[in-house]
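The sequence and structure are shown first.

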Amino acid sequence: MYKTFLIARREYLAFVRTVGFWLSLFTLPLFIFGVGAVPVFLEHTAPPKVLNVAVLDLSGEHLDGALAGLIRSHAAAKDKDDRDQLRLAPLPAGLNPAMSVAAAEAKIPGLLNAGTSNILLVYDEGGVLHFHIWSIAGQRHAVQDRIGDDLDTLQFDKVATAHGIDPAVAQSLHDAHADTLSLTPASGSGKNDLAARLREDAPRFVGIAMGYAAWMAIFSSSMILMGSVIEEKSSKVLEVLLASASTESLLIGKVLGVAMVTLSVWTIWGAAAFAAFLFGASVMPHDTVLAITAAVQGVLTPGHVALLLLYFVCGYMMFGVTFAAIGSFCETPKDAQAIMGPMMIILMIPMLSMQAAFVSPDIPFIRYLSYVPLFSPFLMPLRLAQPLPWWEIAGTLLGMGVIGFLMVSIGGKAFKQGALSGANKLTWGTLFKVATNRV
Amino acid sequence: MSDLALSLKGVSKSFGDFQAVRDLSFEVKKGTICGFLGPNGAGKTSTVRMILGLSAPSAGEITVLGSTGQKVLDRIGFMPEERGLYRKMTPVDVIVFLAGLKGVKASVARARARTMLEAQGLGPFMNKPIKTLSKGMSQKVQLIACLIHEPELVILDEPFGGLDPVNQQGLESVIRDLADRGATVLFSTHVMQHAERLCENVVMLTKGRKVFEGTLKAARARAPRFLDLEGAVTREDVMALPGIKSTLDKGAAEDGATLWHCEIQEGGNAHEALKAAFVKGLDIRRFDTHEPSLHEAFIVLTGGLETGAYEHV
C-alpha cells in the first residue's frame with residue numbers, strides 16, 4: 001500500500017511540475033472568464049450609441065404623435081444598464097406624410113446619417129400596421145429591441161378599436177395569462193416553492209454532470225497515463241520499478257497519481273467557482289441568495305452522493321488501469337494515438353447516449369446499455385435520478401467490480417509483458433496470451 | 001538456516017517455440033561474488049528476470065534468500081542491463097524514491113544518498129536533473145539506487161557495459177566492498193577479465209544451457225593448456241612426449257629450428273613433457289608454458305573452440 005502511495009506521489013509531483021499542468025490549470029478559467037467578461041468589457045468601454053429616430057407616418061391614422069410620445073417616454077425612462085440613448089429626430093427634408101410607401105422607401109436609405117440614424121416608417125395595409133425601421137450600420141435591431149412590444153400594442157389597440165372594444169378592456173385581455181404548473185408528488189407539496197422544484201430536477205442535472213465529469217476525467221487522464229508509461233518504458237526505468245514493486249502497485253499507483261492531478265485541477269477550479277459565487281452573492285439580492293442556498297440544500301441524500309462517487313471512482317479506476325496497461329505496449333506517442341482510436345469509439349457510445357438518458361433515463365436502450373460495465377459509470381448516475389430496483393444498482397456495481405478486478409489482473413500481466421518486451425506490439429494474439437498466462 | 005543466497009533447480013523458460021533457458025540449476029553461497037557468464041543471447045537476462053520474479057519460469061524452482069516468492073524483493077538490489085532513470089528528477093530525489101520502494105525511510109535514504117553521491121564524486125550534481133549528467137555519472141547514480149537499501153543480494157546485469165576503464169575499476173572496487181560487508185553479488189557479463197578479477201565462482205551459460213559451474217581454477221582447468229617448444233625437432237618427436245594432445249607448426253625459427261605450439265592433454269602436465277624431452281636429448285632451445293585464462297576457458301566451454309583442433313592443421 002505504501003509503495004502504491006509512493007508511486008502515486010511521484011506520478012503526481014512529476015506532472016504538477018510541468019508547464020503543461022499550469023497552463024491547463026489556468027487556461028479553462030481564463031477562457032470562461034474571457035467568454036463572459038470580454039463582451040461586457042467591450043460594451044462598457046465602447047462609446048454609447050445615440051439612436052436618433054425620425055417617424056414617417058403613412059398609415060393615415062395619425063400615429064406619429066403616439067410614436068413620438070413612445071420614443072420620448074422610453075428616452076425618459078431609460079434602463080440604468082442601457083447605455084444607448086433613444087432620441088426623437090425631426091423628419092428629414094424630402095420625406096412627408098403624403099408620399100407613397102414606395103417613394104418613401106426609395107428615398108430613406110439616402111437620408112440616414114448620424115443625425116437621423118433611424119427612420120421609423122409606418123403604414124397600414126389591409127388593416128395591419130407595418131413598422132419598417134431603417135437604421136445605419138451598427139444600429140440595426142437597436143430600436144426594435146426597445147420599442148418592439150409597444151409597436152405590437154399599437155396594432156392590438158387598432159384591432160380592438162375596430163371591433164368596438166374599449167382599449168383598457170383590450171389591454172387587460174392582452175395581459176391575461178393562466179397560471180400553469182407541471183407538478184409531481186415530490187414537488188406538489190411545495191408547488192409555489194422554486195427550491196422544491198429545483199430539488200426534484202437537481203438529481204438529473206447532477207447525474208449528467210457526473211456522467212460528463214467521469215467521461216472528461218477518463219478522457220483527459222488517458223493520454224497522461226499512456227504518456228507516463230511510454231516515458232518510463234523509453235527511459236528504461238520500468239524494469240527497476242518492477243523489481244521493487246508489484247505490477248498492481250505500479251498500475252494503481254500510476255492511476256491514483258493521475259487521478260490526484262485531475263482532482264487538484266478540479267479542486268482549484270471549484271474553489272475559483274465558489275469564490276466567484278461568493279462574490280456574486282455579495283452583489284445579489286439577499287432573497288435570491290437565500291433561494292439558491294435553499295435549493296442546493298438537501299438536493300441529494302448521502303446515499304445518492306455515495307453511489308455517484310462509487311460509480312465515478314470505479315469507472316475511473318477501470319479505464320485508468322486499462323490505459324496504463326495499453327500504454328506499456330506502446331513505444332512512441334504515435335503508437336498510443338493509434339490505439340486510442342478504437343478506445344475513443346467505445347468511449348463515444350456513452351457520450352452520445354447521455355443526452356438521451358437525460359431526457360428519458362428509463363427507455364430500454366439506455367437501461368440495457370447501463371448494464372454494460374464499460375458504460376455504467378456514465379449512464380447509471382443519470383438513472384439514479386429516479387428510484388431504481390436495488391438489484392440494478394448492485395448488479396452494475398458488481399459488474400464494474402468484476403471488470404475492474406479483471407483489468408487489474410490482466411492489465412498487470414499485460415503491463416509486465418509490455419514493459420519487459422521492447423518489440424512486443426499490442427495485438428489480439430498478445431492479449432490472448434496475456435489473458436491465458438501464456439507469456 | 002541455509003547458507004545459500006540463491007538456488008535454481010531445473011529452471012526452464014520458453015517464449016513460444018523458443019527456449020531461452022533449459023533445465024538450469026546452480027547455487028550461489030551467501031557472501032560470495034558469482035559471475036554469471038555467457039555470450040550474448042545465452043539466456044542470462046531471462047534468468048535474472050526469473051530470479052527477480054519479473055517473469056515466471058516455465059519449469060523449475062527458484063529460491064532467493066530462502067524464499068520462493070516475491071517477498072524478498074526488498075532485500076535484493078538490481079541493476080538492469082538496459083539502464084535508465086527519470087531524466088527530469090535529481091539524483092537525490094530518484095534515489096530516495098527508489099529507496100522508498102525498498103522500504104527505506106525518506107530521511108534515512110536522503111542522508112545515505114548524499115553520502116554515497118559525495119563518495120562517487122557526484123556531490124556537485126546531486127540536485128541537478130539527471131538529464132544534465134553524463135552517461136557515466138547516470139550509471140553511478142543507478143548503482144547507488146541499487147545499493148541504497150543495503151541489499152543482501154545484489155544482481156548486476158552487465159554492469160560494466162558503457163563504462164570507461166576508470167569507472168570499471170571503480171565499480172570493481174564497489175563490488176569487492178559489497179562482498180566484504182557480507183552481501184552476495186551475482187553479476188552477468190560476457191567480459192571475462194572482470195569475472196577473473198572479482199569472482200570466486202562462475203556459472204557459464206550458452207544457448208540457455210549451463211556448461212559450467214564452479215571455481216575460477218576449475219573453469220580454467222577445462223581450457224586447453226599449451227607448451228611452446230622451439231628446436232630442431234619433428235612433429236613426431238613432439239607428439240611422442242607424454243601429455244601432448246596436439247601440435248601446431250608455428251613456422252621456422254633460426255638455425256633450422258621449428259616453433260611448435262602444443263596442446264596439453266586434460267590431466268597432462270607440461271613439466272612432464274619437458275622433462276621427457278630433455279631426458280630423450282631432444283634439441284630444445286627455448287620453451288614456454290602457458291596457463292589458460294578464463295577468457296580461453298569461456299571460449300572453449302561455450303563452444304567457440306573445440307579442443308584438439310590443432311591436430312590436423
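Two strands are taken to pair if DSSP finds at least two bridges between them. The model discussed here is predicted. With that definition, B:Asp249 stands opposite B:Trp260, a residue of β12(B). The strands concerned, β11(B) and β12 (residues 258-264) of chain B, pair in the antiparallel sense over 6 bridges.

**The sheet of chain B**

Both strands belong to an open sheet of 4 strands in chain B, in which the order is β11-β12-β10-β13 and the pairing is antiparallel. At its edges lie β11 (244-252) and β13 (284-290) of chain B, each of which pairs on one side only. On average, neighbouring strands of this sheet are turned by 20° against each other, direction ignored. Strands of a sheet pair through backbone hydrogen bonds, either parallel or antiparallel.

Helix α9 (residues 270-279) of chain B packs on this sheet and touches β10 (225-231), β11, β12 and β13 of chain B. The direction of this helix makes about 170° with that of β13(B).

**The contact between chains A and B**

Chain A gives 15 residues to the contact and chain B gives 19 residues. On the side of chain A that touches chain B, the elements giving two or more residues are α1 (2-16), α9 (238-242) and α16 (390-420) of chain A. Of these, α1(A) supplies the largest share, 4 residues. The classes on that side of chain A are as follows.

| Class, side of chain A that touches chain B | Count |
|---|---|
| Nonpolar | 8 residues |
| Polar | 2 residues |

Definitions and conventions. Residues are numbered from 1 along each chain as its sequence is written. Chains are lettered from A and ligands numbered from 1 in the order in which they are written. This is a predicted model: local features need pLDDT of at least 70, side-chain atom pairs count only at pLDDT 80 or more; totals for chains, interfaces and linings use all residues. Axes are lines fitted to C-alpha atoms, for helices over the stretch in contact, and angles run from 0 to 180 degrees between N-to-C directions. Two residues are in contact if their C-beta atoms, placed from the backbone, lie within 7 Å. Ala, Val, Leu, Ile, Met, Phe, Trp, Tyr, Cys and Pro count as nonpolar, Asp, Glu, Lys and Arg as charged, and the others, Gly among them, as polar.
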